[in-house]
Structures are given as structure tokens and as C-alpha cells.
Amino acid sequence: MKYEWRKKDKDLYLPKEVPVEIEIPPMQYLTITGEGNPNGEAFSECVQSLYAMSYGIRMMPKSGVTPSGYFEYTVFPLEGIWNLSDEGIMRQQEGADLTELKDFLTYKVMIRQPDFVDSDLVETVRKAVAGKKKSLPIDRVVFETVEEGRAVQMMHIGSYDSEPESFARMEAFASEQGMLRKGKSHKEIYLTDPNKVAPEKQKTVLRFWV
């Protein structure tokens with residue numbers, strides 16, 4: 001039976017539009033890091049690299065190679081951990097708004113991988129994908145286990161620029177529950193394609209750690 005993350009992992013990927021506490025288990029990902037405006041070409045190339053690798057793994061049986069333990073599954077959604085560079089933090093303290101801070105964002109974007117994936121498999125796929133996608137930074141993609149632990153999360157429906165409203169609700173919830181937020185970094189999980197869905201209907205899981 002095909003593994004569908006929307007059905008099997010609802011607590012991780014389909015929370016309600018209210019803040020909740022959750023314990024995130026360690027999971028393995030393909031990741032790539034960068035800095036700058038997410039509307040720029042560099043960020044787009046990072047995302048393309050992750051999808052190229054992820055679909056390369058997903059489609060291996062169609063190329064005649066079936067990895068040990070392979071099972072049918074839906075490729076997991078794109079996720080990103082976001083923060084500000086030192087200069088961005090300084091500008092924020094000086095009163096810069098979200099739009100002005102986009103050039104100073106730091107990010108680690110990632111796509112979760114099934115349990116059968118290991119480092120040898122990733123390197124095999126990397127060679128194949130790099131040969132076809134020479135313009136992408138495939139060599140920067142890292143295979144790693146990400147440990148998040150205890151977190152607060154909620155579903156945000158609306159544009160990315162309206163996320164501060166949801167984060168304010170999450171911080172209020174954490175405070176009411178006696179939880180302290182760990183730093184200002186946060187995770188976003190993208191459930192809709194911004195190229196196909198109107199901003200007011202976009203669905204993004206927001207998460208920070210406590």
C-alpha cells in the first residue's frame with residue numbers, strides 16, 4: 001500500500017488553525033542551506049535541487065533499480081527553517097519591517113526521506129541527477145537526520161507576509177502553557193504551491209521549538 005503522508009502523519013503536516021504542543025521525532029531529510037531573499041534565483045535553485053534528488057529517489061524502480069526496503073510513497077512536502085543573519089537582526093532591532101528583512105534571511109530548506117534511504121543511495125542518485133541538472137547546486141544537498149523535539153505548531157492559512165499574526169497566537173499559547181520559545185528561528189512546511197494558489201488560500205504549517 002502506498003505511503004501517503006497526508007493520511008499517515010496528520011499530526012505533523014495537517015494541524016488545525018489553533019496552536020498545539022507536539023513532540024517531533026527525529027527524521028531524515030535532504031537539506032540545503034543558503035541566505036537571502038526567498039524570491040530570488042538562488043533560493044529557487046536550492047528548492048529545485050531538493051525536488052530533483054527526492055524524485056530521483058522516488059522514481060528509481062522505473063529506471064530498473066529498486067533499493068532494498070523500497071515502498072511506494074508520495075514525496076514529502078518542502079519544509080524550511082528560517083532565521084535572520086546578524087545584519088538582519090540588527091536591522092530588525094532598528095525597526096525594519098518583514099519586507100525589508102527578506103534579503104537578510106538565512107534558511108535550511110529540506111524534504112523528508114523514507115526510512116529505506118541511506119547515504120549510499122543518496123550518493124548514487126546524486127551522481128545521476130547532477131549529470132542531468134548541471135546548472136543546479138546538487139553538490140550542496142546534504143543527507144542528515146534532523147532532531148526537532150518539543151514544539152508549538154499550527155496551520156496558517158494566508159500569505160507568507162501575514163504569518164506574524166499566527167506566530168503571535170503561538171507565542172501567546174506557549175506563554176499560557178508555561179513554555180519558553182527557543183530562539184527566533186522557526187520552521188515552515190509548505191502544503192500549497194504559491195504559483196498555483198492565491199495568497200489568501202495558501203496553507204503553511206508554522207512551528208517553533210520550546
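For pockets I worked on a 1 Å grid over the protein atoms alone, where a pocket is an open set of points at which a 1.4 Å probe fits, with protein on both sides within 12 Å along at least five of seven lines, and where lining residues have an atom within 4 Å of a point. I took a volume as the space filled by probe spheres set on the points, with grid points joined across faces, edges and corners.

The model is predicted, so I noted that local features need pLDDT of at least 70 and side-chain atom pairs pLDDT 80 or more, while totals for chains, interfaces and linings use all residues. Residues are numbered from 1 along each chain as its sequence is written, and side-chain values use heavy atoms, with hydrogens and water left out.

I looked up the largest pocket and found about 1500 Å³ of space in it. Its lining comprises 44 residues, of which Pro38, Trp82, Tyr160, Glu188 and Tyr190 are the closest to the centre. Elements that give two or more residues to this lining include helix H3 (41–58), strand E3 (78–84) and strand E7 (186–190), helices being DSSP runs of H or I with at least four residues and strands runs of E with at least two, numbered from the N terminus. H3 contributes the most, six residues.

The second largest pocket has a volume of about 280 Å³. It is lined by 14 residues, and Gly56, Ser63, Ala128, Val129 and Lys132 lie closest to its centre. Two or more residues come from each of H3 and helix H6 (119–132), and H6 supplies the largest share, five.

Entry on the sheet. I traced an open sheet of eight strands in the order E1-E6-E8-E7-E3-E4-E2-E5, paired antiparallel, where two strands pair if DSSP finds at least two bridges between them. At its edges are E1 (20–24) and E5 (142–146), each pairing on one side only. I then followed E3 against E4 (residues 105–112), an antiparallel pair with seven bridges, and noted that asparagine 83 stands opposite threonine 106 in E4.

Entry on helices. Which angle do H3 and H6 make where they pack? I read about 115°, with the axes 9 Å apart, the axes being lines fitted to C-alpha atoms over the stretch in contact and angles running from 0 to 180 degrees between N-to-C directions. H3 is therefore roughly perpendicular to H6, a class that covers 65 to 115 degrees.

Note on methods
Angles under 35 degrees count as roughly parallel, over 145 as roughly antiparallel, 65 to 115 as roughly perpendicular and the rest as oblique.
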